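Look at the structure first, then read on.

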Amino acid sequence: MKPFIRHIVLMLFLLPAIFGISQNSDRIAFYNVENFFDTKYDSTKYFNGFTPEGDHHWTKTRYYKKRQHIYKVIAALGGWNGVSVMGFAELENRSILTDLISNTPLSKLDYGIIHFESPDKRGIDVGMIYLKNRFKPIEAFPIRVKNPDNPKWTTRDILFVKGVLQEDTVYIFYNHWPSRYGGMMNTVALRALAAKTLIHSVDSVCRADTAAKVFILGDFNDNPEDKSIQLLLHQGNCTLEELAPDFDFGNTKGTIKHNTDWAIFDQIIVSPAVFSTGGLHLKDHFMHIFDAGFLLMDDSKNLGKKLNRTFTGFTYSGGYSDHLPVYVDVYK
């Protein structure tokens, strides 16, 4: 099938998601893209597994396929108007975002980039793209998560962006909190550190603007009921609400799967001001989980579906990601 025809077929298949966006609404999204690395050796980093000679045998052919997959997700998620604001986790650097928006059909939509290098030991960052004709950045900076008990410990920064969307000021925090690698109980304190760091920054926003429209998105590596998320919701001075999950296609029960269990690590949390009918607002208290069929595959071992991911361990699968995207639509 020719690429153009294949793209049209994809769009028709995903009509429910496409028709959710109108000229009077904007889509804010997040996607953990599972190790989106270029193929170059970086002498400044100790981790170079994603190179042709590395453990993952990351060739240009595999990289280009990964880039095409991420474009396909963004196109399907954004429909005819495009996703206005989309954050990503597990990016190696700014150059791959530049490549993504310049050397795929996304180049026709005029996206801008916000990205900062983080101190993560594997060299993965959080970054964002935005439609220049829909979103106007005012301020952006990384928020460092530090461990007072171990000054040498590092993780991904939290990305803060303040900007104007539909003539209304919004405050967006994109997150990728410490993983559970090494065991949940051994790492729970690290995610609590990330939560407390975010609380401090959100409280600063709310003190300056009591009606602040705050959007917190990311891969928190915890479920909504876990300690770190509960800290975020209840320990700060700024009232926050966890949006309930709503599955676009009903194919899954979460955003990530481990063996037989689905979890919702990818979440969206907002301030009450986003429900105000004055200016920019949400119409309901749900976040969308984009569980389109092409992002999944049959799980012959554990039954049901599982993520159509790029790697399983060191085995190359050639899929999309080990996470599903999440998003909300905001309206005038």
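## The edge strand and its partner

Pro142 stands opposite Leu159 in strand S6. S6 (residues 158–165) pairs with S5 in the antiparallel sense, over eight bridges. Strands pair here if DSSP finds at least two bridges between them. Helices (H or I, at least four residues) and strands (E, at least two) are DSSP runs, numbered from the N terminus.

This is a predicted model: local features need pLDDT of at least 70, side-chain atom pairs count only at pLDDT 80 or more, and totals for chains, interfaces and linings use all residues. Residues are numbered from 1 along each chain as its sequence is written, and side-chain values use heavy atoms, leaving out hydrogens and water.

## The whole sheet

Six strands form an open sheet with mixed pairing, in the order S5-S6-S7-S8-S13-S9. S5 (135–143) and S9 (241–242) stand at the edges. Each has a single partner strand, so one side of each lacks a neighbour in the sheet.

## Helices on the sheet

Helix H5 (residues 184–208) packs on the sheet and touches S5, S6, S7 (168–176) and S8 (214–219). Contact means heavy atoms within 4.5 Å. The direction of H5 makes about 170 degrees with that of S7. Angles run from 0 to 180 degrees between N-to-C directions; axes are lines fitted to C-alpha atoms, for helices over the stretch in contact.

Helix H6 (residues 227–234) also packs on the sheet, touching S9 and S13 (266–270). Its direction makes about 10 degrees with that of S13.

## A helix pair

Helices H3 (residues 60–78) and H4 (residues 94–102) pack at about 65 degrees, their axes 10 Å apart. Tyr63 and Ile74 are among the H3 residues that meet Ile96, Asp99 and Leu100 in H4.
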